[in-house]
Amino acid sequence: MRSNPQRRRILGALGLTLSATLLAGCASGGTGSTSGSGGDSATSPHAGTITWARPAASNGWEGDKCVDTSIPLNPAVYDTLLRIEVPDGDGLAPGLAEEWEWDDESLSYIFTLRDNAMFSNGDPVTADDVVFSVDQWLSGEFSSSYYATVDHAEAVDDTTVHIVMKQVDTFLPALLTWCTSPIYPADFAGETSEAFFEQPIGAGPYAVESWEDPMGTSERITLVPNEHYYGWDGEPPLDTIVVETISDPNQRALEFQAGNVDILAAVDSATATQMADDQLLAVKPNQIQSLLVNQAVPGLDNPDIRQAISLALDRDALADTVNDGSIAAVGALPVNVPGEIAPSSPNSYDPEEAKALVDGSGVSDLTFTYLYDASDYSADILAQAVQQQLGEVGITVEFETTDGNTLIARESSGDYELSSAGASAISPTIFDPISWIAIQYGWTGSTATTIQDEFLAGTSTTDEAEQQEHALAVQDFITTDNGMIGLLNTAATYAKQTWVDGFVPLQYGTFYFDTLAG
Amino acid sequence: MTQLKFIALRLVQAVPSILAVSVVSFLMLRLVPGDPARVLAGPRASDATIAQVRASMGLDQPLVTQYLLYLGRAINGDFGVNLTGSSPVLEIVGNGAVVTGTLAIVALIFTVIISLTLALLAARRPEGIADHIARVYSVGGLALPSFWVALMLIVLVALPTGWFPVGGWPTDFGARLNAVFLPALTLALSLSPILVRSLRSSLLEVFGSDYVLSARSIGVGKRRLLWSYVVRNALLPSIPLVAVIVGFLLGGTVVVESAYNLPGLGQILVGAVSNRDANVVQGIVLTLGTMIILVYLLADVLLSLVDPRARQS
């Protein structure tokens with residue numbers, strides 16, 4: 001090969017330039033302030049419009065099918081009888097119902113509707129609309145089981161409606177804040193249900209102007225103000241809200257940095273490092289992350305091994321490792337929910353006791369597989385920390401990763417040994433997460449019906465002290481049985497541009513749109 | 001064998017391949033863990049609710065019955081609707097195919113331009129500086145993952161200049177071409193290294209061939225010599241390779257589509273697999289499978305046209 005010093009110099013210079021460019025590219029990411037992020041002033045480049053980007057599309061506008069991504073979206077269009085108190089989420093607040101009370105004699109909740117509430121088509125919201133809506137909830141294929149204790153609803157006059165119960169159920173008011181409980185116009189305002197849910201009419205602050213790629217990977221929803229909304233104090237603060245689906249987290253972050261997106265949901269700790277401090281907004285920790293323990297697996301069927309696993313976990317260290325505003329779990333239920341209560345014996349860290357339990361258990365094979373969702377950044381870090389901590393007491397953890405849907409499918413069919421699970425409240429009562437955990441606990445191979453029984457007992461009494469006793473019984477059962485070992489309470493993180501005002505996300509995975517401005 | 005017989009034979013051979021694709025895609029999605037009924041009903045749904053949803057979706061029937069029902073509908077052009085029932089599969093596939101098709105065509109053009117330019121420069125003076133650059137490019141281009149190249153192009157080009165969108169698929173045609181520029185370049189930067197190596201070798205071989213020497217000796221002009229004698233003949237061995245690249249472009253754009261938030265077939269497919277949306281997965285897999293088989297068929301036909309020996313083999 002010919003050797004030419006000049007050529008080598010040129011090639012060297014090219015190589016250096018390329019390397020420098022690539023390194024510069026790698027380095028440009030996180031910023032300590034908003035400068036350079038496309039949002040270096042408090043003035044929106046698209047005043048009057050807020051764009052909200054999130055990882056997955058909605059599940060449509062049917063209350064019956066409202067899960068996951070529709071939970072925070074649907075309140076933009078539909079109002080509910082009751083709302084969650086803002087900003088602390090400490091209780092219930094009036095929605096379409098100004099007042100409500102429980103009547104023990106008739107086993108009914110009595111609601112008094114606002115007289116100025118109107119749907120986006122200009123029709124007033126009346127008791128007949130509520131009766132029609134309740135009938136829809138009760139006949140839904142997906143969500144009717146939530147309303148099993150509701151007998152029927154009846155209109156007393158235009159603004160008074162009774163929801164008659166089959167039995168006492170103090171959970172119903174919280175359930176009325178869920179997106180499965182929207183108020184529709186009676187008879188879908190003369191439309192077929194199919195046509196109605198393509199262009200829904202609600203009494204919420206916004207109405208659907210366009211809906212591109214419905215529920216698809218690039219869903220884009222454009223909302224415009226409902227000019228008849230009762231909550232406006234003068235002109236609506238925004239002309240448009242755009243809800244965009246961007247599945248790739250890097251792409252979401254880049255669109256945010258370019259100033260094209262104003263609000264980001266589901267910001268993981270890796271993405272958060274690319275945001276300025278004044279752009280990040282963490283809600284109160286509310287989602288309990290737990291270790292699901294399959295009691296049908298040899299070794300894990302031994303209560304001493306399950307207790308050893310709980311004692312071997314240094315939850316404060318786990319919270320530091322995950323480092324996203326998480327706090328150590330004292331029990332098995334989430335915190336920052338009204339009615340929360342610590343277990344009689346809170347979770348503790350005692351590796352020596354854990355080691356003694358392992359040694360005395362007589363279990364020879366102490367290798368277990370830990371199943372988790374690899375796309376969940378925090379779950380990945382948590383899994384490694386759990387592996388290391390359990391390893392210190394002689395329990396070997398091997399990993400098996402999967403996607404979110406497969407994870408739930410395998411957990412629910414008992415096809416796992418150890419697994420990650422999460423539960424949070426979507427309304428302000430501790431019985432909300434208990435209802436979910438009751439289902440998850442059935443996946444651990446436990447045949448005990450304690451959680452379901454305590455849920456039913458706790459929601460069948462109006463005595464708050466009794467309700468607390470039943471919540472405590474759930475905590476104590478789980479922290480003793482250790483089929484589900486609480487690790488952390490994690491907090492959802494949002495990012496917002498500095499020009500966005502009135503964005504108050506709640507710990508329940510939702511927020512209300514009528515205060516949004518920018 | 002006549003040309004027509006050759007094409008007819010290849011078309012007949014394609015039918016079992018497409019059937020096999022449909023069976024495999026149908027079975028794979030149903031054999032992996034994950035329940036579309038649970039996806040629809042949400043994590044809080046009770047077992048009774050999920051069983052009810054499963055029955056209403058026909059998922060409680062035997063696999064063979066489900067497949068035969070699906071095949072019967074598909075033969076009649078009915079690919080069903082997606083999991084949520086909001087859109088017909090044909091519409092979803094059609095929309096995604098427009099995005100992926102546009103991306104693939106622009107990427108292919110970029111790939112050919114980059115590859116041909118670099119290969120020509122390299123082959124004209126072996127061991128020259130252009131040849132060295134082409135070699136570094138071939139190795140480096142293969143080593144760089146496309147998601148990283150995409151990120152770099154966004155961070156170094158789209159964000160500072162504002163000339164290109166960071167991502168997304170606009171409604172306006174002109175804006176779409178602009179939006180597809182960086183994704184297509186990303187793909188071209190990943191694919192052209194393969195073609196550069198192949199083209200360079202072919203060009204070197206043709207440059208040294210007797211007929212090129214003869215043409216040169218009788219005074220054929222430089223431009224005519226290059227395009228009519230050299231490039232035309234050097235491209236022949238690359239036709240099957242281009243077919244492979246087109247196949248990759250149709251089915252393998254998911255990473256780039258995700259990085260640039262393009263609603264193409266790849267991104268739709270990943271979402272559908274994740275949600276266990278069987279109808280959409282089958283619709284896309286069948287479409288992609290059929291398109292790839294057709295592209296290979298087209299490549300075979302092209303090759304047989306320019307080189308009749310291919311028909312005999």
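**Exercise 1. State the area buried between chain A and chain B, and the share given by carbon and sulfur atoms.**

Solution. In this predicted model, chain A and chain B bury about 3,900 Å² between them. Carbon and sulfur atoms give 60% of that area. The size of an interface is often expressed as the accessible area lost when the parts come together. As for residues, 48 of chain A are in contact with 45 of chain B.

**Exercise 2. Find the salt bridge between chain A and chain B, and count the residue pairs in polar contact across the interface.**

Solution. Begin with the charged side chains. The count between the two chains is one salt bridge. Its partners are Asp403(A) and Arg276(B), with an N to O distance of 3.5 Å. This pair qualifies because the cut-off for a salt bridge is 4 Å between a side-chain nitrogen of Lys or Arg and a carboxyl oxygen of Asp or Glu. Next come the polar contacts: six residue pairs are found across the interface of chain A and chain B, both residues being at pLDDT 80 or more.

**Exercise 3. Describe the side of chain A that touches chain B by helix and by residue class.**

Solution. First list the helices. Helix 1 (5-27), helix 6 (249-257), helix 12 (404-412) and helix 13 (431-441) of chain A each supply at least two residues to this side. Helix 1 of chain A gives the most, with eight residues. Then sort the residues of the side of chain A that touches chain B: 22 are nonpolar, 16 polar and 10 charged.

**Exercise 4. Characterise the second largest pocket: its volume, its lining and the elements that supply the lining.**

Solution. The volume of the second largest pocket is about 970 Å³. Its lining holds 41 residues, and those nearest the centre are Val81(B), Asn82(B), Leu83(B), Thr84(B) and Gly85(B). Two or more lining residues come from each of these elements: helix 5 (193-198) of chain A, and helix 1 (3-31), helix 2 (36-41), helix 3 (47-56), helix 4 (63-75) and helix 14 (278-306) of chain B. By class, the lining of the second largest pocket comprises 18 nonpolar, 13 polar and 10 charged residues.

**Exercise 5. Count the cavities of 30 Å³ or more and describe the largest cavity.**

Solution. Three cavities of 30 Å³ or more are counted. The largest cavity contains about 150 Å³ of space. It is lined by 16 residues, with Ile71(A), Pro75(A), Thr177(A), Trp178(A) and Cys179(A) closest to its centre. Sorted by class, the lining of the largest cavity has nine nonpolar, five polar and two charged residues.

Definitions and conventions
Residues numbered from 1 in each chain as written. Chains lettered and ligands numbered in written order. Predicted model: local features only at pLDDT ≥ 70, side-chain atom pairs only at ≥ 80, totals over all residues. Heavy atoms only, no water. 1 Å grid on protein atoms, 1.4 Å probe; cavity = no way out; pocket = protein on both sides within 12 Å on 5 of 7 lines; lining within 4 Å. Points joined across faces, edges and corners; volume = space filled by probe spheres on them. Helix = DSSP H or I, 4+ residues; strand = E, 2+ residues; numbered from the N terminus. Nonpolar A, V, L, I, M, F, W, Y, C, P; charged D, E, K, R; others polar. Contact = heavy atoms within 4.5 Å. Buried area = accessible area lost by both parts, 1.4 Å probe. Polar contact = N/O pair within 3.5 Å; in protein donor to acceptor, adjacent residues only side chain to side chain.
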